[in-house]
Amino acid sequence: TIKNYKGFVVQFDEYCKARRKQFDFADIDLKFYDDFVAWFTAKNYSVNTIGRHVKEPEVQQALIEVQAT
């Protein structure tokens with residue numbers, strides 16, 4: 001939904017600021033995924049919240065492309 005997407009954008013921007021790096025589509029790989037999930041876990045987010053953000057289309061598409069190579 002639009003609400004979930006907007007929430008993802010806000011969290012992704014916070015993640016970028018915390019890591020002091022601007023990520024783009026090409027940067028999304030399994031290492032990024034693990035770090036992104038660890039960042040949410042460190043903030044004490046629930047598994048459901050983490051899953052909601054990880055399942056956003058941008059993250060999913062990039063991970064599919066990484067696994068295909």
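Modeller: A cluster built from ring pairs links Phe12, Tyr15, Phe32, Phe36, Trp39, Phe40 and Tyr45. The model is predicted, so local features need pLDDT of at least 70 and side-chain atom pairs need 80 or more, while totals for chains, interfaces and linings use all residues. Residues are numbered from 1 along each chain as its sequence is written, and side-chain values use heavy atoms, without hydrogens or water.

Colleague: What makes two rings a pair?

Modeller: The rings are those of Phe, Tyr and Trp (its six-membered ring), and their centres must lie within 6.5 Å. By this rule there are 11 aromatic pairs.

Colleague: Why is the pair of Phe36 and Trp39 called stacked?

Modeller: Planes under 30 degrees apart count as stacked, over 60 as edge-to-face, and the rest as tilted. The planes of Phe36 and Trp39 stand at 10°, with ring centres 6.4 Å apart, so this pair is stacked.

Colleague: Where do Phe36 and Trp39 lie?

Modeller: Both are in helix H2, three residues apart, about one turn of the helix. A helix here is a DSSP run of H or I with at least four residues; a strand is a run of E with at least two; numbering starts at the N terminus.

Colleague: How do you know that Phe36 is buried?

Modeller: Buried means under 20% relative accessible area, exposed means over 50%, and partly exposed lies in between (1.4 Å probe, protein chains only). Phe36 has 1%, so Phe36 is buried. Trp39 has 8%, so Trp39 is buried too.

Colleague: What makes the pair of Phe40 and Tyr45 edge-to-face?

Modeller: The angle between their planes is 80°, and the pair is edge-to-face; the centres are 5.2 Å apart.

Colleague: Why are H1 and H2 called roughly perpendicular?

Modeller: H1 spans residues 2-19, H2 spans residues 30-42, and they pack at about 100° with axes 11 Å apart. Angles of 65 to 115 count as roughly perpendicular, under 35 as roughly parallel, over 145 as roughly antiparallel, and the rest as oblique. Therefore H1 and H2 are roughly perpendicular.

Colleague: Which residues of H1 and H2 meet?

Modeller: From H1 come Phe8, Gln11, Phe12, Glu14, Tyr15, Ala18 and Arg19; from H2 come Phe32, Asp35, Phe36, Trp39 and Phe40. By class, that contact has eight nonpolar, one polar and three charged residues.

Colleague: How do you know that Gln11 is buried?

Modeller: Gln11 sits in H1. Its relative accessible area is 10%, so Gln11 is buried.

Colleague: What makes the link from Gln11 to Tyr45 a polar contact?

Modeller: A polar contact is a pair of N or O atoms within 3.5 Å; within protein, one must be able to donate a hydrogen and the other to accept it, and residues adjacent in sequence count only if both atoms are side-chain atoms. The side chains of Gln11 and Tyr45 make one at 3.3 Å.

Colleague: Which residues does Tyr15 touch beyond four places away in sequence?

Modeller: Contact means heavy atoms within 4.5 Å. Tyr15 touches Phe23, Phe32, Asp35, Phe36 and Trp39. Tyr15 and Phe36 are 21 residues apart in sequence and 7.5 Å apart in space, C-alpha to C-alpha. At 1% relative accessible area, Tyr15 is buried.

Colleague: How many helices and strands does the protein have?

Modeller: There are four helices and zero strands. Of its 69 residues, 28% are buried.

Definitions and conventions. Axes are lines fitted to C-alpha atoms, for helices over the stretch in contact, and angles run from 0 to 180 degrees between N-to-C directions. Ala, Val, Leu, Ile, Met, Phe, Trp, Tyr, Cys and Pro count as nonpolar, Asp, Glu, Lys and Arg as charged, and the others, Gly among them, as polar.
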